[in-house]
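Me: Could you walk me through the disulfides here, and then a bit of sheet?

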Amino acid sequence: MARQQPPPWVHTAFLFCLLSLTGAIEIPMDLSQPPTITKQSVKEHIVDPRDNILIECEAKGNPAPSFHWTRNSRFFNIAKDPRVSMRRRSGTLVIDFRSGGRPEEYEGEYQCFARNKFGTALSNRIRLQVSKSPLWPKENLDPVVVQEGAPLTLQCNPPPGLPSPVIFWMSSSMEPITQDKRVSQGHNGDLYFSNVMLQDMQTDYSCNARFHFTHTIQQKNPFNLKVLTNHPYNDSSLRNHPDMYSARGVAERTPSFMYPQGTASSQMVLRGMDLLLECIASGVPTPDIAWYKKGGDLPSDKAKFENFNKALRITNVSEEDSGEYFCLASNKMGSIRHTISVRVKAAPYWLDEPKNLILAPGEDGRLVCRANGNPKPTVQWMVNGEPLQSAPPNPNREVAGDTIIFRDTQISSRAVYQCNTSNEHGYLLANAFVSVLDVPPRMLSPRNQLIRVILYNRTRLDCPFFGSPIPTLRWFKNGQGSNLDGGNYHVYENGSLEIKMIRKEDQGIYTCVATNILGKAENQVRLEVKDPTRIYRMPEDQVAKRGTTVQLECRVKHDPSLKLTVYWLKDDEPLYVGNRMKKEEDSLTIFGVAERDQGSYTCVASTELDQDLAKAYLTVLGRPDRPRDLELTDLAERSVRLTWIPGDDNNSPITDYVVQFEEDQFQPGVWHDHSKFPGSVNSAILQLSPYVNYQFRVIAINEVGSSHPSLPSERYRTSGAPPESNPSDVKGEGTRKNNMEITWTPMNATSAFGPNLRYIVKWRRRETRETWNNVTVWGSRYVVGQTPVYVPYEIRVQAENDFGKGPEPDTVIGYSGEDLPSAPRRFRVRQPNLETINLEWDHPEHPNGILIGYTLKYVAFNGTKVGKQIAENFSPNQTKFTMQRADPVSRYRFSLSARTQVGSGEAVTEESPAPPNEAYTNNQADIATQGWFIGLMCAVALLVLTLLIVCFIKRSRGGKYPVREKKDVPLGPEDPKEEDGSFDYSDEDNKPLQGSQTSLDGTIKQQESDDSLVDYGEGGEGQFNEDGSFIGQYTVKKDKEETEGNESSEATSPVNAIYSLA
């Protein structure tokens, strides 16, 4: 954000105003006066031969002057030449060639004379020349033969044009010749090679001349170079080699000057012109040029270096710029210097130019003509175009060198005087008339003007007047007080009043009064003071990313009586407000900022009296431009140096460079990332793989994004070698149950290392020690057939190319194809209570692959009613599942299968046990807690113990006791099991599966011995009281005859006998 200074033209205009205030007073045109030249052509007038010739000469005077011309100092009779005419009320010559004629016939030196009865004014001597653009002479140029490393100058020698043509070098195909400190064009148009390299043969060289007036370009026949070299192959890889010349076998040499030759020279320049010094040197390596001035420093404000430091330009030369300058050419082999002695000469320039002299009869005056130059110019006075010494004598006039003194002038002294001052480098001609008038004061401006000014500004009130003798002028404010002069006021010679700083109290009416001996005249000016226009909230510098929205504020305060206009400039040019911009009263909004929006934005708030400016700079952050000029150097078998020139970072520093490569064998046209480097480098060593035809490109990255890729580099192929690695991701998997597919990730171009890349595939069954099977494959898969189901194999894949085999590969374990798994083992259904059912199982005996899970399907049923089937999937590691029952009555049928990738295998099916009779169970619990029942049970137990003892004694004595003869003899009706059906509550639907027994907790048991205590209690958890009595729920155990088809020969259990007694 900055409040901009007034533009330069404001200061220039103010300076011009001040100069005009101190200049001579003009005679009103209604009064008699000698001629004055007001317009004329330049001294060196070059014209286009295709146009008519115009030589300007205009003048004023009263009476109006007449005109005539001289050509080559002789009267030019316009009337005798039908092609020549003079414009009306003007002395301008027009030479018309529409009807034919040669413009060259009119070349020469012309001078215009403007005359009336009071004198004659002269124009400069105008040298008319016709522009020339001659054709280049035809010539056959032989090839230029030069040794590599030697200097060379290709001369242009353009035809002499007028003005001199602009010279530039191109190839015959109109491609510009790249110039640098080694190859460059001199000021004379020649093309200089400090040393020739083999790459210079890649093009031809043609000098071109562009002529200004005809806008034509002429081309010289091209030069062809033939470079003799000790290193004939393409050297693009060595172009940026740190020791390029020795790498190419070029001998290094100390510098020597090609232009100018020798150790010293001299140069003359005219004051006010530009001094151009030039030094072009040869040498190997290419020399650097430095400039110095003997006994002082180079003028930093005027000196600048051009043409890769080979030229020094000093602008607007003055006498203090003369002296000795020297250029120093140096390389690592040495240095030389050339001294240029500069002499500054000067064409005449004014110190005191003569001005018109207005006198009253009897007054004295003088004309002064003072000039300087080198050499010192001479002064010649003329009157009315004739040498002063040839004019009639005038006793009132005295010539004193560069001054003419007039005393007691009279009307007869009126004339136009010319001062001509000249030396060998040019001349100056000035007209100044002497006018003798007797005129009372008169005002030349409109009366009662209104002047509006801005507070605190410097202001000028004009009051142009005339009179002879010259009147005196005084200013008054509001018709009162003394003459306004001094302090805050200053009155100029031409009558203007300057108020150095306007204040509010300066507002009012100002009167100017002009007085001489013949009378007086006055005029009034009304001054109004207005408040200044000020931007009180200025736009601020902003940094924006491309595509965002930016708002620049500009709030203004101004005098309400003045009309305000606010507009915007971009880069000091009027801003076109397009669709992406919105201009409001106090702001400018830019939508979707683009790179072209970057620049300075100036808010201009103006009224008819003043303006205020405020500037802000918008920086647009964009993606970087693409890198360019990629070069490969330091070529080696496994590395190369890549160098590039960074593109513009577009105001966001480059953070990284990504180097990509492309090869033309495996994936032509596909680019891969090679490496990444910091944004501070532009050269890097790249590690390469064997047998790859590389091509590189570079992408620049900054905070905004990535650049477009650079143009690709030239290609570079590395030599081949055996592979140093083997393919990755080797796998062996079956696609069918009797095969195994071996796959791998194929190696890319950077790991192939040679032609005809192939793979040696080996396999054998694991832990069988059988011989390896092998096959050579060019692809990335091989299928082994006729394999057993899901058998492990050892696999090896080795890379091989025409240069040899890769390293010994690692062994990978793969498996042949999978099949359906067998059924899960030991599927168990338990019912610990009326709310849940627990399921357990073991893994299948034959998985036939990798188990991926289990599928459980179950359905609830109650009698003939069947519910909706539900499916559950489990992970391969899960072997338990607990299910919440929907109700305590329904039973469940379960089907469980294992899964592999092939699918679900054989299923195993089980059902949940029948739920127990809840009323019977409660009754059992009530009886068991009665005292009489406990006593009864104790008596029965004692009786049984007594019987057992008796039986034991009889048996030990050889006694016999009755047993059942056959296992299929049914129990008698007296059997307690048959008498009380309340103990057998199961029905047909609740029978357990054959070969299993059911406990009261609902657990399905595998067939076991009848002697297990688990069969007599609740899940094996029955307890005895401290007195030895049995407590718990009693379960009736069915005989072996019922559960195993009456196959048991075992006697009735004593526990059953107890139940029967109860």
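Reply: One term to begin with: buried means under 20% relative accessible area, exposed over 50% and partly exposed in between, with a 1.4 Å probe and protein chains only. This is a predicted model, in which local features need pLDDT of at least 70 and side-chain atom pairs count only at pLDDT 80 or more, while totals for chains, interfaces and linings use all residues. Residues are numbered from 1 along each chain as its sequence is written, and side-chain values use heavy atoms, with hydrogens and water left out.

Me: ok, how many disulfides does the structure hold?

Reply: There are six, a disulfide being a pair of cysteine sulfur atoms within 2.5 Å.

Me: And Cys112, buried or exposed?

Reply: Cys112 is buried because its relative accessible area is 0%. A disulfide joins this residue to Cys57, with 2.0 Å from S to S, and the link is left-handed, at -75° about the S-S bond.

Me: What's the handedness for Cys463 and Cys512?

Reply: That disulfide has a torsion of about 65° about the S-S bond, so it is right-handed. Both Cys463 and Cys512 are buried.

Me: How many bridges join strand 14 to strand 17?

Reply: Three bridges join them, and Thr153 has Tyr192 in strand 17 as its bridge partner.

How values were computed. Pairing = 2+ DSSP bridges. Helix = DSSP H or I, 4+ residues; strand = E, 2+ residues; numbered from the N terminus.
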